[in-house]
Amino acid sequence: MPVLSVPAVPVITPAVRGWGRCQMPGSLSTALRVVGTSLFAVAVLGGILAAYVTGYQFIHTEKHYLSFGLYGAILGLHLFIQSLFAFLEHRRMRGEGRPVRPGRSVALCIAAFQEDPDYLTKCLRSVKRIAFPDLKVVMVVDGNGPDDTYMLDIFHDVMGSERSGSYIWRSNFHAQGEGETEAGLQEGLAHVQALVRSNTYSCILQKWGGKREVMYTAFRALGDSVDYIQVCDSDTVLDPACTAEMLRILEADPHVGGVGGDVQILNKYDSWLSFLSSVRYWMAFNVERACQSYFGCVQCISGPLGMYRNTLLQQFLEDWYHQTFLGSKCSFGDDRHLTNRVLSLGYRTKYTARSKCLTETPTRYLRWLNQQTRWSKSYFREWLYNALWFHKHHLWMTYESVVTGFFPFFLIATVIQLFYRGRIWNILLFLLTVQLVGVIKATYACFLRGNAEMIFMSLYALLYMSSLLPAKIFAIATINKSGWGTSGRRTIVVNFVGLLPVSVWVAVLLGGLAYTAYSQDLFSETEVVFLISGATLYACYWVALLTLYLAIVARRCGKREEQCGLAFTEV
């Protein structure tokens, strides 16, 4: 059985970005693009690998206590270029303001599973405030038992009975409920479709099947009855203008197949972890995805806030649902694969910061770690799928995929080499460099966002080095395992599996540190000066950042009324 199931792709109408428009047979043009992008990807990876292995240095001090080399220059240039195009995309966004053409129909699909009642209520209240005429709302709950009906009650309370409909379905589109007959299943299918299409607001409770099953039900029930489909999670608070802003992007360019919005954190001040996640989210969306959007190749339209052309979605719906990897049906990475399906058809994907939402993030370390492991699994799996379509898009997608896909492995190799074959000063210099890069990125984020809180983005570097790196390796090793995801928010389930790779990683680092300290020769006088200066600088950095954190952030943690400062959260 093949590793990836690739459906037959229909004739592509959108123009391929980043390649010249030349008149030649379609098959020859495609072949040349495939060869060209493949060679380009190999060249990028080979160049980075050569710079890393050779360790070529432009400048260095005596005995190489300090140096600046080719590998560091490549990474620095990457960050500069990424930041530049993100800035240009934000400038372009600020100029977008054309009115939306009237008469376009949009359906908002909400996926729900054991949601916290407070979050679900906020979500639905924000939905009712969306400034878009005749917006159709479809909420599908993953579960139809007595413990799930509270979500239906909340739906009725918030959305009202006028123009609303609901149905508790014993089955779903792919599995019969207990005691359900074939005739009953077909009757349920017809009822669900009729309910969704005839009501402005509809809520369906169905047999448990996972998030992809829930999304499939909404998409399938809607069929071709609307022009665009917006997706949303049940823990998300939407800005009233979010729908119109995303629709504006899709209406402006027929070659754009999907668009995502700016996802920020709803429970930002619940804990130190949720706060650091909030600054990381802002960087991920407003720098990394903004840069991708400049080239029309956003590689993941997030589940809390995204919109797709329904004609495209219905075209690949079955292939998306039945996705397999290494012979097993995929049960996570639904939103990333949805984006990849759009890219596979040659359509562009965009990001707009003018469309906003707030969503819940884990506040406890273990739940956060399990979430990150699941996301890393889907990232690496979808990286392989995404590589099949490099030739249909701008070369930036090829370049960035290679850089970001292989960077963790270069970083892990660097850390292990330093901790086992370096000197104490090399380890300290590496730690200083990591934080220096973090401070530079955080300073740029402060400028771009106009918010001094972004300086704390540099603290996220420690979380990345200590937890995300081992989680990524563990994700690859268990990439075909479907468990160990985040649980529903009504009942938080603690899972200790994610601690295994972190514990191993910490043991490896401590062992390397002990080995280096034991085997190193006596420090020279110059090395002692560098060690004292470096250690003092490193300590001052942490004292300064932690002091600022305690003064600015820590005092606000746990205060529900200060969860965020956006007007649309007051629901």
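This is a predicted model: local features need pLDDT of at least 70, side-chain atom pairs count only at pLDDT 80 or more; totals for chains, interfaces and linings use all residues.
**Conventions.** I number residues from 1 along each chain as its sequence is written, and I use heavy atoms for side-chain values, leaving out hydrogens and water. Local features need pLDDT of at least 70 and side-chain atom pairs pLDDT 80 or more, while totals for chains, interfaces and linings use all residues.

**Aromatic pairs.** I paired rings of Phe, Tyr and Trp (its six-membered ring) with centres within 6.5 Å, calling planes under 30 degrees apart stacked, over 60 edge-to-face and the rest tilted. Tyr56 and Phe58 are edge-to-face, because their planes stand at 85 degrees, with ring centres 5.5 Å apart. I found Trp396 and Tyr399 tilted, since their planes make 50 degrees at a centre distance of 5.0 Å. Both residues, Trp396 and Tyr399, are buried (under 20% relative accessible area, 1.4 Å probe, protein chains only).

**Charges over rings.** I required NZ of Lys or CZ of Arg within 6 Å of the ring centre and within 35 degrees of the ring normal. Arg289 lies over the face of Phe285, 4.4 Å from the ring centre. Lys329 has its charged end over the ring of Tyr321, at 4.0 Å from the centre.

**Helix 9.** I took helices as DSSP runs (H or I, at least four residues), numbered from the N terminus. In helix 9 (residues 310–321), the buried residues are Asn310, Leu312, Leu313, Phe316, Leu317, Trp320 and Tyr321. They lie on the same side of helix 9, because their arc around the axis is only 165 degrees, taken from the directions from the helix axis to the C-beta atoms.

Conventions: Buried means under 20% relative accessible area, exposed over 50%, partly exposed in between (1.4 Å probe, protein chains only). Helices (H or I, at least four residues) and strands (E, at least two) are DSSP runs, numbered from the N terminus.
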